[in-house]
Structures are given as structure tokens and as C-alpha cells.
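Okay, thanks for having me, everyone. Let me put the structure up and then walk you through a few spots in it.

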Amino acid sequence: MRRLSLCLAAAAGALVLAPAALADGPQFVTQGGAGVATHDGKFHYVPVPEGTTGTLLEKIDSRGQLYWWMHLNGSWGIASIGNGSTIGQGLSRDGRTLVLESTGGPFASPSRFVVVDVRRMRVLRTIDLEGAFSFDALSPGASRMYLIQYRYASSGDVSDYIVRGYDLRTNRLLPGKIADRREHEDSMAGYAQTRTTSADGRWVYTLYQKPSGEPFVHALDTVRGAAYCIDLPSSPSTNQALYNVVLSLRNRDRTLAVHWRSGRPWLRVAVGSWDISYPSAGFPWAWTGAGIGGGLVLLSAGALLLWRRRDEKVQEHARQELGLA
């Protein structure tokens, strides 16, 4: 089953704070904590405050030992999503480039970012952009950065935004917006819950919740600059438990698994076709009946019953995640 929603690109929609977390917001800037890990998990890069106007960027090994540190002018942090996760945020797949965001947030004019070569321990450039922007994603080789642009920043409205591309090779903001070309919506709204990235760093998958409560997965191709949104089944109990949902990639990154933190599976999304399927979702009836008409009636009734049973099971799992069952 394929369910595509109107979408531009990765949804954000929350005020940026540091180091405190915004409980119901999808994106903010953090200092300290676990920082962002390299792909092999051997090192973490952790920005920490230095006085009132500076930042120390620390490289910490897997044993928790300080490997090196460097001083940065200004107050910088790592963009995080959902419940404060910074997994993969801002670090290129090759581990060479790290993008940090000003802790002043997107509504401090100008919006500021610093690009650091962590192999050579030096700042490559500082980016100042007029308008309200926050970091979203980075291409594998750090040739392009993706930003959320809030369109009504002057009024503090974070519910209306678009995604922009920034060419880090030519150091310029690219014209236009990153949009699903099959759709025609001007902007996007949603709250990020969790995220996973393909092994090569090309695809970024984020689970979002619309202001109205419904969940959807946003798939961003950071190489081509393309975006797709896939609506997921919605129910009151499922929507309330989305903070307990996890994304992971299976089958050599060809299948996006959506499951609960407890390990219970929910559904699967086929990468590319974006078709939705369900684990162990077999059809228990054979194609029988008197002619095609009878077969169609039986097929429809069986599919409806199967769907109801599956939906009841999903809602039961959601209630268990909420501690209500």
C-alpha cells in the first residue's frame, strides 16, 4: 500500500534552545551530553561552553578519554531532534566535516553556522544568513547542507517553513526549495520524533507528527536534493505513543522498519516505491467462490477483517507503550 502526503522536505518547527531541551519540539541546539558520534562509533564530538562567549569542541574516544579539543569563537552546539537525539546530526558520512549551529537559534539575526574540518582541527568557514534558518541534514561528502527556513520568523511562527539547500563548495544559498515535485504545497508543518540514516549517509529518514497528530515519514535524498513523504496509519492511541517509535533500516537499506522501542514491529516501508506492508501480514483465505464475483466479495471481506485485526493489534501495542494496558 502506498500512501504519500503533500510535503516539501524535512519538517522542523521548534524554537532552538541550548543546552536545555524543548520537550515537545523537534529541533533545538545542544551542548555537552553525548555529542555526535562518528560512523564507526570510535569517537564523539562534543561542544561545551567556554566562559560566556566561547565553545570548546572536544573529541572523545570510546573509553571516554579526551583525544583533542579546539577553541571556537562564539557559542555553538549540535542540532538535535525529538527527545534530544544528536545521532549523526551535522557530521558528514566520511567523518571529515562537522556543522555546528549557533545556540542563539534561528530567530537570532543573522542565523549562524560554523563548518569545522575535524581531521585538521580548523574552521573552514562561518556562515551568516539573513532570515530564520536551522540545520537539518548534510550530504555524505559535505558538499551540500540542508536548512529549515521559517517563513514568518518576525512573528515567532515556527509552524510554517520550507527546506533550502546550501552549496558548501561555492558557499551560497541555493535558490528555490527542496520539494516533492509531484506535490504542490507551499510549506510544511510537523514535529520530528526520531531519525535514521542509510549506511552511505545519502538517505535521511525522519518520523514526524503533524500538528493534527497524524504520523508520517520524511525521506530526504541528500545527494539529489529530493524529498518524499509517506503517511502512516493513524489512531488516537498510536498518535499518543509516537515518542516510543523507532526507525531502522533492514535488508541492505532497502526496507525502512518502523517499530516500538520495546521491539514490537509496527510496519515496513519499501524504499523507492514507498509501499507500506506489515510484518506477518498474510492473507488467510484462498481465492475461492462461485466465479469472479464471489471471489471479489470474499477477498474484500477478508481484507477488511484482516485490516481491523491488524489495526486493533497496533492500537493494543500503542496502549502498552503508553502503560495503559
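Let's start with Arg 119, which is partly exposed because its relative accessible area is 47%. On the terms: buried is under 20% relative accessible area, exposed is over 50%, and partly exposed is in between, with a 1.4 Å probe and protein chains only. Before I go on, this is a predicted model, so local features need pLDDT of at least 70 and side-chain atom pairs count only at pLDDT 80 or more, while totals for chains, interfaces and linings use all residues. Residues are numbered from 1 along each chain as its sequence is written, and side-chain values use heavy atoms, with hydrogens and water left out.

Back to Arg 119: you'll find that residue in the loop between S8 and S9. Helices (H or I, at least four residues) and strands (E, at least two) are DSSP runs, numbered from the N terminus. Arg 119 also belongs to a positive surface patch, together with Arg 96, Arg 120 and Arg 122. For a patch, residues need over 30% relative accessible area and no salt bridge, and like charges are joined within 9 Å. Areas are Shrake-Rupley with a 1.4 Å probe, and for residues only the protein chains shown count as cover. Lys and Arg count as positive, Asp and Glu as negative, with His and the chain ends not counted; the charge is placed at NZ of Lys, CZ of Arg, CG of Asp or CD of Glu.

Met 121 sits between strand S8 (111–117) and strand S9 (122–129), and its phi is near 55 degrees, a positive value in a residue other than glycine. Most residues other than glycine have a negative phi. Met 121 counts as partly exposed because its relative accessibility is 35%. Asp 253 has a positive phi too, near 70 degrees, and lies in the loop between S18 and strand S19 (255–260). At 24% relative accessibility, Asp 253 is partly exposed.

Now, salt bridges. How many does a search of the whole structure find? Seven, where a salt bridge is a side-chain nitrogen of Lys or Arg within 4 Å of a carboxyl oxygen of Asp or Glu.

One of them pairs Asp 128 with Arg 112, with the closest N and O atoms 2.9 Å apart. Asp 128 is in strand S9 and Arg 112 in strand S8, so this pair ties together parts 16 residues apart in sequence. Both ends are partly exposed: Asp 128 at 44%, Arg 112 at 32%.

Then there's Asp 136 with Arg 195, closest N and O atoms 3.2 Å apart.

Last stop, Leu 242, in the loop between helix H1 (236–240) and strand S18 (245–250). Leu 242 counts as buried because its relative accessibility is 1%. Leaving aside neighbours within four places in sequence, its contacts (heavy atoms within 4.5 Å) include Gln 193, Leu 207 and Trp 266.

Note on methods:
Patch = residues over 30% accessible without salt bridge, like charges linked within 9 Å, V, L, I, M, F, W, Y side chains within 5 Å.
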